[in-house]
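Hello,

Here is the structure for you to look over. My notes on it follow below.

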Amino acid sequence: MSMKNFLIGKRKIGMGFAGVVLALALAFGVSCVAAADEGPVLVIYHTNDVHGYAFRETNADGKPTRWGYDYVKAAMDEDDAKNKMLLDAGDVLHGQFFATARRGEFIARVLAMMGYDAIAAGNHDFDYGQDRLISLRDLYRLTFLSANVKRLDGGPPLMPSYVVRDFADLRVGVFGLTTPSTPTSTDPRNVAGLAFGSPEEIARIAGDVVRRLREVEGADIVIALTHLGSEPYCDPSSRTLAREAPGIDLIIDGHSHTELPGGIKVNDTLIVSSGSYLANLGRVQVNRKPGGGYELSARLLPASDSAGAKPNPELSSAMTVLAEELDKELNAVAARAPIDLDGVRANLRRGSTNMGRLICAALIAGTGADVAIINSGLIRDSIPAGDVTKKALLSVLPYPNYVFTVEATGADLLAALNHGLATPGSGAFPQFYGMTVTARKTETVLPDGSKAASFVADAVTIGGRPLDENAKYKVAINDFMYAGGDGYDMFGKYDRHEFGTLEDLFRKFLSEASEADIHAADKGEVLTTN
């Protein structure tokens, strides 16, 4: 038997006496209690769709609702597993103000301090443009992966397809995939000159990479770090990938913000996803089977698990310095509101408010849509007349929702209106602009048999003409609704185009729109109920 050096991390060290004994025992079939009781050979921590939610958050009772990177690092540091990896499935550079304020730089700094082994390039990681993504990657020595992002001119790959990590007695191959919808889920100019492949091509590319990792690189474990999504509207989904590209041990997925508490098994592949916004931290444990091969098990660690924990002090201190720097920007004036804007929850969820109309007017102005409709639940605060700070804008629209447009039929637009109008008091109740609606009061039977007041649209006018159910309208919505959030399941079947975050478009409108346009949205009643 050849006495090869063992590999620890990326450093070779001599086997030493204990290593020789273990090697001889294995060579001659001698049972070794230490090997049998070695515990997991690898523990993988994973995140996805963090969207700039870098800091720990708690609810009114003090219960943690988001981990925060400094608490994630502390949890990893306290794990006594001998081999650990940290992976992210994309959409990490853009979202909340901490991410967008320096076009991803503060987040990149934190990711570097966290020590991520690899990050899948998500569609929103291109939101500052491909050059900025590569600049941040190189400046902070981050490992972004995507096997399906190709240059149309045939030039060198924008980023590596895969990375291999060596441990003492284990070789792990990790490859990345990016959703092929990226050209329509970021500004197309951000990805000019790039191709992302078709769903069929992505499955073929994945199969080729898996074979290379197994046959050429000698990987014992193959991990696909994918920003594809696992829901039915994702094409391809991570479930499809598992079926069509055999040989993947683990898929760590992002894009659809899906929580898979114990993962799901498709054929021989385990698929995991932690949800979004650091509400959970994913943990996958790899154990060696007695008869050979590996067994993987997964669980999600909710942020509440960090109650009573202490953050990693070095990272916490560095993040505090960055946050204090940003506080000056958050308190800077970003726009001006000539009127009070009503974002009161009870008002939004039972009628049209000037805040709702103004946000929808901003969507129309920013996208060229005919009409805009959003769910009231995404609006969380009011704005008094006067100077508007960036912090105030973020308090109104705290979620990193993106604006989509779809070419929808009048029938589906009417269905969306009636769906929202049917549930006054809920976050699904619609705010809209670009159309006027007359609705009559009726009743809805709830699942428990009780009745609740609701509305149904009797007349809808767009551009001065009655809504035509057979016509197509350009409708501005948000990504939450596109994914079927709040029961809006009529838009996801359409091709979509994306136009930045709601907060970006709203801030731009407040800054650039004339007072006449703002007053028009203020006074323009669009919903009449009787």
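His-46 is buried, because its relative accessible area is 1%; buried means under 20%, exposed over 50%, and partly exposed in between, with a 1.4 Å probe and protein chains only. This is a predicted model: local features need pLDDT of at least 70, side-chain atom pairs count only at pLDDT 80 or more, and totals for chains, interfaces and linings use all residues. Residues are numbered from 1 along each chain as its sequence is written, and side-chain values use heavy atoms, with hydrogens and water left out.

His-46 sits in strand E3. Helices (H or I, at least four residues) and strands (E, at least two) are DSSP runs, numbered from the N terminus. Setting aside neighbours within four places in sequence, the contacts of His-46 include Leu-87, Ile-252, Val-272, Arg-283 and Leu-300. Contact means heavy atoms within 4.5 Å.

H3 spans residues 69-78, and seven of its 10 residues are buried. Among them are Asp-70 and Lys-73, along with Tyr-69, Tyr-71 and Val-72.

Next, the cores. A nonpolar core is a set of buried Ala, Val, Leu, Ile, Met, Phe, Trp, Tyr and Cys residues joined through side-chain atoms within 4.5 Å. The largest has 68 residues; Ile-359, Ile-373, Val-475, Phe-491 and Phe-506 touch the most other members. Helix H12 (residues 354-367) supplies the largest share of this core, eight residues. Apart from it lies another core, of 52 residues, with Val-43, Val-110, Met-114 and Tyr-277 among them.

Take Phe-491. Beyond its neighbours within four places in sequence, Phe-491 is in contact with Ile-373, Val-406, Ala-408, Ala-416, Val-475, Ile-477, Met-481 and Tyr-482.

Now the whole chain. The protein chain has 17 helices and 29 strands. Its C-alpha atoms fill a box of roughly 85 × 55 × 50 Å along the principal axes. Buried residues make up 53% of the 530 residues. Of the contacts with a separation of 6 or more, 74% join residues 24 or more positions apart.

Best wishes
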